Structure formats: C-alpha cells, structure tokens
Amino acid sequence: MVDLSARAERLDSYLETRGLEAVWFARPNGFAWLVGGDNVVDADAPHGVAAAGYDGEFRVITDDIEADRLVDEELPEAVATESFPWHTDSLAGAVAERSPAPAAADFDVPGFEDADASALRQPLTDDDVERYRELGREVAAAVETVCRNLEPEDPEYEVAAGIDISLSSRDVNTPVVLVGGSERARTYRHFTPSDATLDDYALVSVTAERAGLYASITRTVAFDAPEWLEERHRAAARVEATALAATRAAATGDLGDGNGHGTAGDVFDAIREAYAAVGFEGEWKRHHQGGAAGFDGREWIATPESDEPVTEPMGYAWNPTIQGAKSEDTYLVAADRYETLTKTGQWPTHEVESVAVDGVPSETFERHAPVIR
C-alpha cells in the first residue's frame, strides 16, 4: 500500500514551489505512484479511466462506469472518489471543472500546466523500495525459469510467449519482451521476437511492470557459445559495473561539480570511458545505456548532455551492449549500498571490476553470467 503521508509531503512542496493549488495524474504510472491503484481499461489509450489528484487532500475523479470498481478494488480508503455521468463529459473536462486552479496535470487538461511527474517520483520512498524488491524477485524468477528450459530449436516468439505467461501468472505486465537468437542478437540491439530459432545462443531482455513500478532484466543462454561471447559479455558487465559505481558517486556528490548531486551526464561520461577501457570504444553509440528506473521503464536515459540529478535511494537499470552481448539488471542504489533487485540467487554470477574513472574508484560487483547449456 502506498504511504500517502510521504506523497503528501512531497506534493505540498511541489505545489508551493510552483504556485499551484492542485496536481492531477491520469497516466497509469502517475496514477499508481500517487494512490497505488490501476486505472487502465484500454492499454492503448493515452491515459487511464480515472485521474488521481492532490489539493491538500487525495482525490480521484472518474466516470460512473468505473467509480464503484475503483473504490472496491483499487483505492485506499483515505482517497475520496467523485464520479460524473459517462455520457456528459470527458475525464479532462471533469477534472478541469472540479479542480481548484491554478493546477497541473500529466495529461492534457485545458488551462492546466504540464506536471513534472518524473521529478516528483524521485527518489523512491521506503514503501516504494519494499514493493520494488518484491517485483524484482518475481521478474527474475519468471524470466530465469523460462530461460533454463530453452532449447536451440525454440522460435523466438514462443520464448516471448512463455515469458508473458510466466509473468502474467504473477500479476506482472510485460511492456517490453525482446528475444534474440544467435543470428538476430548479433545483428540488432532491439531484437523484437520473430519466427527465427535460437540456434547457438539467446539474449532475453524484459521490462516488466506491476503497480506502476518497472524492472528490467537481461539473461544470456548459450548452447554452443561463440568464442567471442564470454569476452564481450564480461566487457559489457564491466561497463555496467562502472555505471553503477558512478551512479552512487554522483548521488553522494563525489562525482560532478562538487555542489551536491552529480548528473546523468556525469555518469554517461564514466560509461563512455569504460567502453574505451574494455576495448570497445565507440560501442556506446549503437544503443542507449539506460538510466534511472522506478515508475517508468526509465525515468530518464543518460546522454552526453543529460543534466538530470542523480538521486538516492533510487532504481537504476543500466544496459550496456557490445555486438551480440548485453548486461542488464535493475538495482537499488543508495548512499551506503547497491542492491540487485532482479535477482533470485539461482543464476550463475561472476565477479567483475568496474573501471576506475575520475572521482570513481574501481569496485568489485557480482554480475549475472551467461548460462552455458
């Protein structure tokens, strides 16, 4: 259950700083962040069927089709729910009519400012972290179970279907499921599943969601491992380790301009140096490197010019790739620790050293290794 008092403290500051009377969230991840419920009926719609708002009190506005169900199944008792006849108005119109002004929203409401929802969701609160741990374990268990049972003749799309089913049985959604067999994993960085068979090895990359939180994970399974796979995978893992070390250094102020938090751009600089140090300079240009994770697959993605502050405690999912290889898990990064969230303890690991860069000493990390079948 969401800690509404922690949300209220953050939102009071947000409203005061921006001179607003209210803020509203109808996008599914924003709705889930604020009140912990699910407002999705049509997954293709640009926003959900209800808007959750805060104006000193927590409120939800929806139409009369959805109100009873949301009250019974999705919302805390402390959240007041208001409904309007489904045929008389739109959700945006109902929010505009009933909200104090000035106000902001994460969806298009006439006369409202855009809400900076991502900034509000960072860093994670204690109850966010607990739910994130549960999600990470579920995602890793589902993905690893499927991966342990792969065979070279399996088509990529059948593997993807198995992952969808395994996660769905745990009440987890799968917005991203990538499965690349040996040919397509070497050719593409986003190996959307096809009818090609896995053959020599497979990369499986998943971003999964539950209750608004997102966890990302990649696992490698080899049947007849190419001679270069171990080298490239270990190199990618060292880049990922460097990103993690740089993330904590940026969050604690050891990396950056010395005036508080470092930025996503500071971490990206460390990633770029790491690629060069492990012998794959310039490989970063072929795929994004990941970034902060939480109530979005990536709250931000690091680029050379990124100025987003690196906060803690926060989820981070770095995903460096080197042609045919990838290393990725979702971590909790805090001032005093790293914690792998997407972990079961049942998948083999290996120790890798992060690359020492300015402001970031080398550290040793346990990273998930390819499974050799």
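Strand 9 and strand 18 (364–368) each supply at least two residues of the lining of the largest cavity, where helices (H or I, at least four residues) and strands (E, at least two) are DSSP runs numbered from the N terminus. A cavity here is, on a 1 Å grid over the protein atoms alone, a set of points where a 1.4 Å probe fits but cannot get out, whereas a pocket is an open set with protein on both sides within 12 Å along at least five of seven lines, and lining residues have an atom within 4 Å of a point. The model is a predicted one, in which local features need pLDDT of at least 70 and side-chain atom pairs count only at pLDDT 80 or more, while totals for chains, interfaces and linings use all residues. Residues are numbered from 1 along each chain as its sequence is written, and side-chain values use heavy atoms, with hydrogens and water left out.

By this rule there are two cavities of 30 Å³ or more, a volume being the space filled by probe spheres set on grid points that are joined across faces, edges and corners. The largest cavity holds about 40 Å³ of space, and strand 9 makes the largest contribution to its lining, with three residues. Among the residues that line the largest cavity are Thr218, Arg219, Thr220, His233, Trp347 and Arg367. Sorted by class, this lining has three nonpolar, five polar and four charged residues, where Ala, Val, Leu, Ile, Met, Phe, Trp, Tyr, Cys and Pro count as nonpolar, Asp, Glu, Lys and Arg as charged, and the others, Gly among them, as polar. The second largest cavity also has about 40 Å³ of space, and its lining includes Tyr188, Phe191, Leu203 and Lys326; five of its lining residues are nonpolar, two polar and two charged.

Two or more lining residues come from each of helix 2 (28–35), helix 6 (126–148), strand 7 (173–181), strand 8 (201–210) and strand 9 (213–222), with helix 2 giving the most, four residues. The lining of the largest pocket divides into 15 nonpolar, nine polar and eleven charged residues.

The second largest pocket has a volume of about 200 Å³, and of the 15 residues that line it, Val176, His190, Thr207, His288 and Arg298 lie nearest its centre. Strand 7, strand 8 and strand 9 each give two or more residues to this lining, and the largest share, three residues, comes from strand 8.

The backbone also has some particular points. A cis peptide bond, with omega about 0°, joins Ala101 and Pro102, and Pro102 lies in the loop between helix 4 (91–98) and strand 5 (103–105). Another cis peptide bond, with omega about -5°, joins Glu312 and Pro313, the latter placed in the loop between strand 11 (300–301) and strand 12 (314–318).

Asp171, although not a glycine, has a positive phi of about 60°, and is found in the loop between helix 7 (156–168) and strand 7. Asp171 counts as exposed because its relative accessibility is 58%, given that buried means under 20% relative accessible area, exposed over 50% and partly exposed in between (1.4 Å probe, protein chains only). Asp199 has a positive phi near 65° and is found in the loop between helix 8 (182–187) and strand 8; at 36% relative accessibility, Asp199 counts as partly exposed.
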